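I opened my notebook to go through one structure a piece at a time. These are the entries I made, in the order in which I looked things up.

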Amino acid sequence: MTSLISVRGLTRVFDVSKPWLNRVIERLPRAFLTAVSDVSFEVPEKSVYALVGESGSGKSTIGKIVVGLVPPTEGTVEIEGVDLSRETDAAKVDRIRSDVQMIFQDPYASLNPRWRVREIIAEPVKSRGGDTEGLAERLLEQVGLSGADAAKFPHEFSGGQRQRICIARALASNPRVIVCDEPTSALDVSVQAQVLNLMSDLREELGLTYLFISHDLTVVQHMADVIGVLYLGRLVEEAPRDTLFAEPKHPYTQMLFAAAPRTDVFGREVDPPKGEIPDPINPPTGCAFHPRCPLAVERCSRERPEMRSVDGTRVACHRAEEAVRRFHAEKAEDAPAE
Ligand SMILES: Nc1ncnc2c1ncn2[C@@H]1O[C@H](COP(=O)(O)OP(=O)(O)OP(=O)(O)O)[C@@H](O)[C@H]1O
């Protein structure tokens, strides 16, 4: 399978310094926050690659870099084999850019309240001089709404319906890739599964490729072929979905699966992680997860683990083998006695 998206050594640093005068008065140094650090992954055509991690782990920043909303500080993103930041053929850049669309978390904020749904959906095509006759009506029906809804305004719809409108707008450009940034997390639990099912159906129907961003492993389990787990801007584990769920090898991924149970959108029980996320402006030395890691040894605070392959998983952990042993031991303990 060829990669539709190739992300290599992606790093994004934000200057989060206070204004110059405050720095002088308060004698503060400039401050930099590394939101994404040396992240590499490949998304094959027609597959779903999910990025998971807690808030602040850099998921949205990666999504925005992939669609071209934020430039990287270092590293490259190739779409269809082309690094758009270096490509000089403007028509080619425009065509490939329109092949990659994004759906955001908040369907309330991402629709212009003064435009009718017809204009909202057709706008990306109209702005490139394309034919918009009947386009909005056809796309609305494709996302499970009625063609007659094209004449309405966004405030006339529920959250789930608005996210369907956002999906229709993304589809208007006939994209090959959709970057989905927490597309259901602002929605009522009752409609989350419906929107996810719609996205799965559209993927099949249209042969779409998704870069799917979520903090929720259970949502990702429903959608993804391959899962990349991010911690404080770095990829710490990457594996095919079934491998990751059968045997998470990074203690952080295991923590994402553990702790107090709650029920997810599909009625299964899942658990939020424990402990404080460190300050990204002053990240811990060595492995950034070591202060929260139950398996950390002295080496973990000193030496940052490189990504390595362990039984079909890429994992950045000195203690991955020990983490796997512990995972299976705990699972065996939890299993009901015969
Ligand atoms: N424009 C910006 N300026 C300064 N810092 C930023 C900017 N955008 C993001 N950050 C910081 O970068 C880090 C990663 O943010 P990002 O939004 O990518 O994470 P995330 O995993 O998507 O989290 P969330 O789910 O909360 O959006 C955070 O610490 C965030 O505060």
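**Ground rules.** I note that this is a predicted model, in which local features need pLDDT of at least 70 and side-chain atom pairs count only at pLDDT 80 or more, while totals for chains, interfaces and linings use all residues. I count residues from 1 along each chain as its sequence is written.

**Ligand.** I looked up which residues come nearest to the ligand, and among the 14 around it these are Phe-14, Ala-35, Ser-55, Ser-60 and Thr-61; a residue counts as near if its C-beta atom, placed from the backbone, lies within 6 Å. Strand E2 (32–44) and helix H2 (59–67) each supply at least two residues of this shell, and H2 gives the most, with three. I take helices (H or I, at least four residues) and strands (E, at least two) as DSSP runs, numbered from the N terminus. By class, I find five nonpolar, eight polar and one charged residues in the shell, where Ala, Val, Leu, Ile, Met, Phe, Trp, Tyr, Cys and Pro count as nonpolar, Asp, Glu, Lys and Arg as charged, and the others, Gly among them, as polar.

**Strand E7.** Is E7 (residues 177–181) buried or exposed? Five of its five residues are buried, so I read the strand as largely enclosed by the rest of the structure; buried means 20 or more other C-beta atoms within 10 Å of a residue's own, exposed 12 or fewer, and partly exposed in between, with C-beta atoms placed from the backbone. Val-177, Val-179 and Asp-181 point one way, and Ile-178 and Cys-180 the other. E7 pairs in the parallel sense with strand E6 (residues 100–103) over four bridges, with Met-102 opposite Val-179, and pairing requires at least two DSSP bridges. Strand E8 (residues 209–214) also pairs with E7 in the parallel sense, over five bridges, and there Val-177 stands opposite Thr-209.

**Helices H4 and H5.** I found that H4 (residues 117–126) and H5 (residues 135–142) pack at an angle of about 105°, with their axes 9 Å apart. The two helices are therefore roughly perpendicular to each other, a label for angles of 65 to 115 degrees. The residues of this contact divide into seven nonpolar, no polar and one charged.

**Thr-76.** Thr-76 lies in strand E4 (residues 74–79) and is partly exposed, with 16 other C-beta atoms within 10 Å. Leaving aside neighbours within four places in sequence, I find Thr-76 in contact with Arg-8 and Asp-83, contact meaning C-beta atoms, placed from the backbone, within 7 Å.

Note on methods:
Axes are lines fitted to C-alpha atoms, for helices over the stretch in contact, and angles run from 0 to 180 degrees between N-to-C directions. Angles under 35 degrees count as roughly parallel, over 145 as roughly antiparallel, 65 to 115 as roughly perpendicular and the rest as oblique. Two residues are in contact if their C-beta atoms, placed from the backbone, lie within 7 Å.
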